[in-house]
Amino acid sequence: MAITSANQLELLQTAEAVAREKNIDPGLVVEAMEESLARAAKSRYGAEMDIRVSIDRKTGRATFTRVRTVVDEEEYENYQSQFTVETAKGYIEDPKVGDTLVEQVPPVELGRIAAQSAKQVILQKVREAERDKQYEEFKDRAGTIINAMVKREEYGNVIVDVGSGEAILRRNEKIGREAYRPNDRIRCYIKDVRREQRGPQIFLSRTAPEFMAELFKMEVPEIYEGIIEIKAVARDPGSRAKIAVISYDSGIDPVGACVGMRGSRVQAVVNELQGEKIDIIPWNEDMPTFLVNALQPAEVSKVVLDEEAGKIEVVVPDEQLSLAIGRRGQNVRLASMLTGLDIDILTEEEESKRRQAEFEVRTKLFMDTLDLDEFFAQLLVSEGFTNLEEVAYVDAEELLVIEGVDDDTAGELQARARDYLEAQNAKALDRARELGAEDSLIEFEGLTPQMVEALAEDDVKTLEDFATCADWELAGGWTIVNGERHKDEGTLEKFDISLEEAQNMIMTARVMLGWVDPDDLVSDTDDADMDQEAEA
């Protein structure tokens with residue numbers, strides 16, 4: 001077909017019709033038409049030419065032009081669409097690099113193949129415009145709840161209609177064994193919106209902790225208004241959940257407000273979550289107090305917090321153990337997710353036995369290494385000394401508080417401890433050298449002789465070997481295999497090296513070897529700090 005006056009207006013009418021049908025800007029459809037006509041013209045005049053088409057938005061008249069650009073001689077490649085400055089002088093007065101010569105060319109007639117190609121270009125552009133519109137509509141709605149209608153189910157995944165497109169509720173994001181039929185109404189949390197090759201992908205969830213938080217926000221006006229804040233949520237979807245709340249108004253009870261009159265507010269959330277039992281817990285800045293609340297309904301006798309290791313020990317009465325752990329460990333697992341700490345639960349009897357065993361081990365350590373009698377060694381342990389380093393390098397004043405210890409005795413104790421430690425260090429160092437440990441590793445700051453010995457036994461003998469290690473290989477970690485956690489033993493784990501400390505030592509070694517630019521580390525740290533500030 002030729003672009004004649006008879007079908008010029010038809011172009012605009014077609015563009016408007018398509019735009020109305022797809023609810024997109026008519027200008028985008030016209031741009032697609034221009035691109036498709038330009039492509040058809042290139043196939044007629046030559047692919048090397050820069051052919052452009054402009055459609056008048058009022059009359060529908062299509063103008064075909066050939067554009068040639070002035071370039072440097074070094075960049076000159078295509079005589080069909082480019083000029084050198086010298087050649088351009090025959091066409092343009094005083095030409096400069098970047099100038100263009102625009103010449104009108106006769107419109108082309110679209111054969112059957114060209115027309116089909118033009119149609120495909122238009123359809124592709126329209127689809128892209130639809131996807132962009134859908135992405136723009138939903139990108140800012142991530143983190144909110146949407147009401148949608150089920151369209152179909154594919155391999156356990158539920159495809160839902162969200163108005164201008166489709167969204168997916170994956171099988172693992174459904175609660176329990178939820179089943180949906182076409183046209184069922186469904187309420188979901190928009191977990192993520194991503195722009196992908198096949199268009200925007202909207203991922204929904206009903207198991208996300210944020211879904212419960214948003215449901216409470218809808219049911220509890222005080223949360224919506226910011227008077228009450230949800231500080232943490234932990235869920236075992238479809239079974240049980242814990243939610244920690246705090247009130248910024250002393251006159252409002254956060255737990256009572258979330259429960260509602262006769263439990264009406266929390267019951268509305270429970271019904272939406274297929275009967276999921278919800279424990280509403282008052283949040284507290286003091287972590288041990290918060291943990292005691294989180295382990296409800298179990299009673300807690302004592303809490304021992306190790307903030308550096310991110311671990312916490314909870315001692316409960318013997319009869320409370322099963323309640324604290326919960327069915328299949330559910331209660332303690334949810335409390336751990338809520339607080340972000342690893343929780344060890346002991347009964348009072350277990351704790352007593354363990355402490356007695358630790359007391360005996362430390363007593364024997366001091367008896368054997370410092371040549372002390374049992375009574376004196378027990379005194380040291382009772383005063384809180386746990387290892388030789390503490391005895392050797394503590395301020396002497398702390399030893400003088402022990403009954404029967406004077407200046408001479410304190411000095412003798414510290415001298416014996418230091419002598420023993422130095423002998424152990426020398427022994428470890430000799431053993432490490434026998435195994436092939438090099439000076440570059442031995443002299444690395446932060447590694448004790450015992451650590452170097454352990455590394456050499458694990459075939460890490462040079463600074464280069466050390467720099468290639470992963471942090472978990474040194475400090476230990478956990479691997480998830482088939483949904484179960486498996487412990488990975490770290491070479492330096494017995495020395496209480498944390499993942500962060502291991503990572504810092506490895507990066508220091510890489511900087512020393514010239515593998516990493518220290519400036520890059522600084523910028524990465526600054527970026528991480530900025531991200532944390534932005535989140536705060």
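Biologist: Why is Thr 339 called buried?

Modeller: In this predicted model, Thr 339 has a relative accessibility of 11%. Buried means under 20% relative accessible area, so Thr 339 counts as buried.

Biologist: Which residues does Thr 339 touch, leaving aside those up to four places away in sequence?

Modeller: Thr 339 touches Met 287, Phe 290, Leu 291 and Ala 294. Thr 339 itself belongs to helix α11, which covers residues 330-339.

Biologist: How are two packed helices described?

Modeller: Two packed helices are described by the angle between their axes and the distance between the axes. For α9 (residues 287-294) and α11, the axes come within 9 Å and cross at roughly 145°. The crossing of α9 past α11 is right-handed.

Biologist: Which residues meet where α9 and α11 are in contact?

Modeller: From α9 come Met 287, Phe 290, Leu 291 and Ala 294, and from α11 come Ala 335, Leu 338 and Thr 339. By class, this contact has six nonpolar residues, one polar residue and no charged residues.

Biologist: Why is Gly 340 called exposed?

Modeller: The relative accessible area of Gly 340 is 61%. Exposed means over 50%, so Gly 340 is exposed. Gly 340 sits in the loop between α11 and β15 (342-347).

Biologist: Why is Arg 328 called exposed?

Modeller: At 80%, the relative accessible area of Arg 328 is over the 50% limit, so Arg 328 is exposed. Arg 328 is found in the loop between α10 (321-325) and α11, and its phi is also a positive value, near 55°.

Biologist: What is the form of the peptide bond from Gln 296 to Pro 297?

Modeller: That bond is cis, with omega near 10°. Pro 297 is in the loop between α9 and β13 (302-306).

Biologist: How do you know that helix α18 is mostly covered?

Modeller: Of the nine residues of α18 (residues 449-457), seven are buried. They are Pro 449, Met 451, Val 452, Glu 453, Ala 454, Leu 455 and Ala 456. These buried residues pack against α16 (407-434), α17 (439-442), α19 (463-467) and α20 (471-475). After α18 comes Asp 459, with a positive phi near 70°.

Biologist: How many helices and strands does the chain have?

Modeller: The chain has 22 helices and 17 strands. Of its 536 residues, 39% count as buried. The chain exposes about 31,500 Å², and carbon and sulfur atoms supply 46% of that area.

Technical notes. Residues are numbered from 1 along each chain as its sequence is written. This is a predicted model: local features need pLDDT of at least 70, side-chain atom pairs count only at pLDDT 80 or more; totals for chains, interfaces and linings use all residues. Side-chain values use heavy atoms; hydrogens and water are left out. Helices (H or I, at least four residues) and strands (E, at least two) are DSSP runs, numbered from the N terminus. Buried means under 20% relative accessible area, exposed over 50%, partly exposed in between (1.4 Å probe, protein chains only). Accessible areas come from the Shrake-Rupley method with a 1.4 Å probe; for residues, only the protein chains shown count as cover. Contact means heavy atoms within 4.5 Å. Axes are lines fitted to C-alpha atoms, for helices over the stretch in contact, and angles run from 0 to 180 degrees between N-to-C directions. A crossing is left-handed if the near helix is turned anticlockwise from the far one by less than a right angle, and right-handed if clockwise. Ala, Val, Leu, Ile, Met, Phe, Trp, Tyr, Cys and Pro count as nonpolar, Asp, Glu, Lys and Arg as charged, and the others, Gly among them, as polar.
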